Amino acid sequence: MSNPVPQTGREKSRAEAAEADRNQDEEREFVPRGPLQTTRGVTTLDDAVVAKIAGMAAREVPGVYDMGSAARRAFSAVTDRIPNAQTKVTGGISVELGETQAAIDVTVVVDYGVSIVEVGNAIRRNVIEQVEGTAGLEVVEVNVNVVDVHLPEDDDDNAARTTTTTRSPELN
């Protein structure tokens, strides 16, 4: 073992400061940020998990007729006719996740006659409550995009089309 070279006062204080920084870095190594992070491990969530929670929460709001764009709704109408097909809950939901926060976009069709402002606020409240309570993420924003208004006569038109297309060949 060799003897260390004596240090000047300035070198000694630099070495002590560097050692103190190293000790602080070791202590600071992992500080949990949010309920999904602990000193014993981290829980991660896939975007699809948060999208399902948000989708279910948005659908619970009175005045929401359907979710998603016209193309997504048309695709769902086709898949709904397939036996044992599952409804896609995440349709109309877009999620951006960080480590402890989420931003969510919701695309909806509202029923005619409801207050779009009230429905939007109710969607926002319900989505925030469910995602924060279930997933433990802080929801920083929920943007609601209303793409259509469902009119009562739309149901009448669909019912008329269904009866004409489902008649037996003998009746035509």
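Student: Which residue in S6 does Ala-103 stand opposite?
Tutor: Ala-103 stands opposite Glu-141 in S6. Please keep in mind that this is a predicted model.

Student: How do S5 and S6 pair, and over how many bridges?
Tutor: S5 and strand S6, which covers residues 138–150, pair in the parallel sense over 11 bridges.

Student: What about S4 and S5, how many bridges join them?
Tutor: Strand S4, residues 93–97, is joined to S5 by 5 bridges, and these two strands run antiparallel. They form a hairpin, with 3 residues between them. Within this pairing, Leu-97 stands opposite Ala-102 of S5.

Student: And how many bridges join S3 to S5?
Tutor: There are 3 bridges between strand S3, residues 64–67, and S5, and the two run antiparallel. Val-64 has Val-110 in S5 as its bridge partner.

Student: Is S5 mostly covered or uncovered?
Tutor: S5 is mostly covered, as 8 of its 11 residues are buried.

Student: Let us change topic. Which residues form the negative surface patch?
Tutor: The negative surface patch is formed by Asp-46, Asp-47, Glu-96, Asp-105 and Glu-141. Glu-141 is also the residue that Ala-103 stands opposite.

Student: Where is Asp-105 found?
Tutor: Asp-105 lies in strand S5, which spans residues 101–111.

Student: Why can Asp-105 count towards a surface patch?
Tutor: Patches take residues with over 30% relative accessible area and no salt bridge.

Student: What do side chains do in a regular strand?
Tutor: In a regular strand, they alternate between the two faces of the sheet.

Technical notes: Residues are numbered from 1 along each chain as its sequence is written. This is a predicted model: local features need pLDDT of at least 70, side-chain atom pairs count only at pLDDT 80 or more; totals for chains, interfaces and linings use all residues. Side-chain values use heavy atoms; hydrogens and water are left out. Patches are made of residues with over 30% relative accessible area and no salt bridge: like charges are joined within 9 Å, nonpolar side chains (Val, Leu, Ile, Met, Phe, Trp, Tyr) within 5 Å. Accessible areas come from the Shrake-Rupley method with a 1.4 Å probe; for residues, only the protein chains shown count as cover. A salt bridge is a side-chain nitrogen of Lys or Arg within 4 Å of a carboxyl oxygen of Asp or Glu. Lys and Arg count as positive and Asp and Glu as negative; His and the chain ends are not counted. The place of a charge is taken as NZ of Lys, CZ of Arg, CG of Asp or CD of Glu. Helices (H or I, at least four residues) and strands (E, at least two) are DSSP runs, numbered from the N terminus. Buried means under 20% relative accessible area, exposed over 50%, partly exposed in between (1.4 Å probe, protein chains only). Two strands pair if DSSP finds at least two bridges between them.
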